[in-house]
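Welcome, and please have your viewer ready. We will go from one selection to the next and look at what is there.

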Amino acid sequence: MVKKLEKVDVVVVGTGWAGGIVSAELAKAGYKVVALERGGNKEREDYTGVKDELRFTNRFEMMQNLSPETITSRNTLEEIALPVRTRHEMMAGTDLGGGSVHWAGATYRFMPYDFEIYSKTVERYGKKKIPEGMMLQDWGITYADFEKYYDRFEKTAGISGERDPFGEERSNDYPNPPMMESPAISLFKEASKQLGYHPYQVPSGNLSQTYENPDGEVLNQCMFCSYCTQYGCDFGAKSDPLVTVIPTAKKTGNFEVRTDSYVRRVLYEGGKAKGVLYVDTNTGLEYEQPADVVVLAAFTFTNNRLLLLSTIGQPYNPKTRKGVIGRNFNGQFNVTFLGARGFFNKRKFNLYMGAGALGGALSDFAGDNFDHTNLNFINGGGIELRQYGDAAIASNHVPKGTPRWGAEFKEKSILYTNRNLVVWYTPAIMSWWHNYLDLDPTYKDEFNDPLLRITNKYTDQDRTIAKFGVQKSKEIMEQMGADIIDEDVVPEEFDHIYQGGHYAGGVVMGADPATSAVNNYLQMWDVDNLFVVGGSAFPHFGGHHPTATIGALAYRASEGIEKYLKNGGGQLAEGKRKIFQA
Amino acid sequence: MTDKPSDTNGKEGLSRRQFLKNSGLVAGGVVGGSLFGGLLTNQFQKKTVPNKKDMANLQDARMFFSRKEDFDILSAATERIFPKNDNGPGAIELGVPYFIDKQLAGSWGMNAKDYMRGPFTQNLQAQGYQDSKRNQDNQGPNTATQSPTPTPRYQTRLNRSEIFIIGLRKFDSVSQEKFGMKFVEATGDQQDEMLHMFEDNKINLTGIEAQTFFNLLLQTTIEGAYADPLYGGNKEMMGWKMKEYPGPRMGYMNQIEEKEFIIMDQESLKDYQTYG
């Protein structure tokens with residue numbers, strides 16, 4: 001028996017940055033909002049005094065329990081996908097605040113080039129530059145029109161940073177000054193400058209000073225304690241939904257969050273979303289939550305899966321390359337964070353100190369900042385040196401050729417604990433016709449619903465851009481004076497490891513309903529009162545970390561939802577196809 | 001518990017409260033109820049005052065491994081992986097075998113938060129010559145699990161604690177076959193040779209790749225050397241001392257720009273939770 005609850009204005013699935021921002025904005029505007037979170041209830045106190053590497057980094061305390069549901073994965077259409085069974089292989093955040101609580105805090109914007117990547121690539125290099133099968137498309141909005149949403153997000157989150165010398169236009173500086181510079185970062189920056197590059201401090205969601213955001217939420221100054229990435233912050237000094245948008249939403253009195261609530265379907269009838277069906281995982285009871293607007297703001301995997309399970313929108317078919325749901329799967333994989341590790345025999349660094357987004361970066365090889373005429377790839381990426389601060393299990397890097405165990409390993413791993421640094425490249429990942437999401441024919445969740453299946457393989461673009469990044473990283477590491485430099489090996493094929501938490505696409509935004517599922521307000525073309533917010537909207541993955549773009553998209557979507565509710569319905573954007581039809 | 005606290009209030013006995021107080025176990029988070037209860041029961045049945053040395057390491061008892069033989073193989077293998085040397089103590093002195101024992105007894109050892117639904121199908125790319133429909137539920141051995149081939153890695157129906165039992169017992173049978181003696185009786189070099197055979201996947205195990213087992217053994221050995229002492233390894237923070245790792249601290253705002261390397265005394269999570 002499904003119990004039908006009282007209708008609300010907006011029901012939001014997910015409570016990370018995307019769901020948290022949408023909830024806060026609409027609750028502030030006076031609408032009744034209910035947010036549903038599959039994980040448990042958490043407060044800041046849950047992350048205070050629990051600096052335990054094994055629990056959080058090695059046993060994945062803050063990641064989804066895969067026992068009831070996971071994904072399956074394969075490389076090609078011909079293969080049988082196998083489930084990704086352990087949390088070593090799959091990291092998706094859970095509990096109130098979602099993956100936005102355990103994030104590192106690196107808060108880059110995507111580049112103007114990314115938003116108009118098709119047009120700008122053709123303009124500079126001609127159509128021939130685009131390889132067959134690459135699903136290159138503009139995002140349906142320009143950077144210039146999107147900039148104000150980045151600015152909103154940076155102010156809400158209190159981002160600490162300085163202008164990227166290569167940077168795009170900004171309406172304002174970051175709300176807080178950049179983080180302090182450790183000697184390792186200084187070394188990276190000096191070497192980069194000597195090579196003629198333009199380093200700057202990574203824009204950070206770890207705060208450089210105490211800050212009150214425009215909603216009146218106060219965030220503390222970062223202490224560089226190192227328990228940051230994969231942890232919740234001990235001090236409320238890392239910007240996350242628990243210290244910003246969720247309390248903001250609660251203060252309005254218009255917001256209710258229900259944790260341990262696992263959404264199984266979007267209820268859909270006569271071209272409209274009616275609400276969602278969810279299970280209270282504590283009792284097993286099923287509820288129907290009706291709403292005027294349904295917002296899917298969960299992780300990429302869940303946004304896609306819920307649309308596919310609810311049979312909303314046309315699923316993508318790789319054979320015909322038609323359909324939109326599940327199209328353009330992209331993300332950061334094991335070709336992404338490759339570079340060069342340097343071992344220093346005469347110098348020690350305080351590597352047990354750090355913060356998630358503490359680091360130096362440069363954009364000389366990002367986007368289309370450099371000429372691609374003679375290169376066999378498009379787009380680019382950031383180069384970074386990060387000082388996360390490693391605890392003792394993580395800091396066991398040894399030069400290549402060292403045995404993995406035994407006396408020599410022990411000796412070298414102890415010697416180099418505080419004597420190694422890594423410089424890496426974060427290349428953009430483009431979308432391809434053969435990389436997509438659909439439902440698995442074999443594997444099921446605890447309710448007997450099919451799991452989401454990922455089909456993903458690498459192309460020459462991926463391998464070439466990664467090799468390019470490894471070489472650039474190595475040159476910088478040489479300039480930094482490392483005694484031993486180990487280059488990363490670029491893998492031939494995707495290894496089905498979903499550890500980085502940055503997976504995107506499948507419900508992509510755009511101006512053409514034939515190639516996008518949502519318009520530039522993240523409103524579905526097919527269903528006016530259904531908005532799908534998050535990384536799932538990325539048509540490709542830019543050459544930087546995704547969070548700022550997801551936050552900005554959530555502000556854009558919130559504006560759209562408010563418009564929709566005020567207008568009393570209707571499409572907020574004109575699709576190209578509709579223009580042709582008229 | 002079978003004993004009532006009053007039974008232990010004799011001349012030589014200690015009250016339960018006193019016992020807990022002296023041993024410092026009251027605040028210990030990791031000691032599970034069953035082990036805790038068992039220890040107390042045994043101590044009180046003997047009606048002797050435990051000597052100080054034993055009191056310090058009451059966590060050093062087997063929680064998961066029922067056979068001492070299995071545990072001894074584990075101890076020997078971890079010591080080869082992380083041996084005592086000039087840097088400092090090895091796996092045994094650091095309590096690594098007990099750390100692993102406790103991990104296997106808990107949710108991680110039982111794969112409680114992993115997807116463990118079937119079918120557990122063979123991976124086509126790793127085992128291309130075999131029938132693609134072959135199903136591990138029915139057929140058992142030699143399924144590709146963790147391997148360098150492009151495959152989702154953990155594809156066995158065994159949980160981690162079962163994998164350890166199978167793997168450790170295989171050490172003994174390989175040792176018998178190859179050297180005519182138990183694994184723990186073999187020389188260090190011989191033990192290394194066998195460890196390499198597992199690492200290189202040259203051994204056939206039931207339901208799991210030898211390499212997967214070896215990688216688990218390696219991972220947990222390193223974890224046991226360096227995890228917070230609350231889990232039973234990294235005894236007296238000796239692992240952290242070797243690495244000059246200070247343990248969890250409030251922060252380093254005043255040190256982050258410092259050019260010189262700073263050596264600090266070690267503090268554990270217990271210190272952090274007690275004193276901040």
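How much area is buried between chain B and chain A? About 6000 Å², with carbon and sulfur atoms giving 58% of it; buried area is the accessible area (1.4 Å probe) that two parts lose on being put together, summed over both. Before going on, note that this is a predicted model, where local features need pLDDT of at least 70, side-chain atom pairs count only at pLDDT 80 or more, and totals for chains, interfaces and linings use all residues. Residues are numbered from 1 along each chain as its sequence is written, chains are lettered from A in the order in which they are written, and side-chain values use heavy atoms, without hydrogens and water.

Now select the interface. Here 72 residues of chain B are in contact (heavy atoms within 4.5 Å) with 74 residues of chain A. Three salt bridges cross this interface, a salt bridge being a side-chain nitrogen of Lys or Arg within 4 Å of a carboxyl oxygen of Asp or Glu. To see a salt bridge, show the side chains of Arg59(A) and Glu223(B), at 2.6 Å from N to O. On the side of chain B that touches chain A, α10(B) gives the most, with seven residues; helices are DSSP runs (H or I, at least four residues), numbered from the N terminus.

Next, pick α9(B), residues 188-199. Its buried residues (under 20% relative accessible area, 1.4 Å probe, protein chains only) include Met194(B), Leu195(B) and Phe198(B). The buried residues of α9(B) pack against α4, α8 and α10 of chain B. Finally, step to Asn201(B), which follows α9(B) and has a positive phi, near 65°.

How values were computed: Helices (H or I, at least four residues) and strands (E, at least two) are DSSP runs, numbered from the N terminus. The expected span of a helix is 1.5 Å times one less than its number of residues. Buried means under 20% relative accessible area, exposed over 50%, partly exposed in between (1.4 Å probe, protein chains only).
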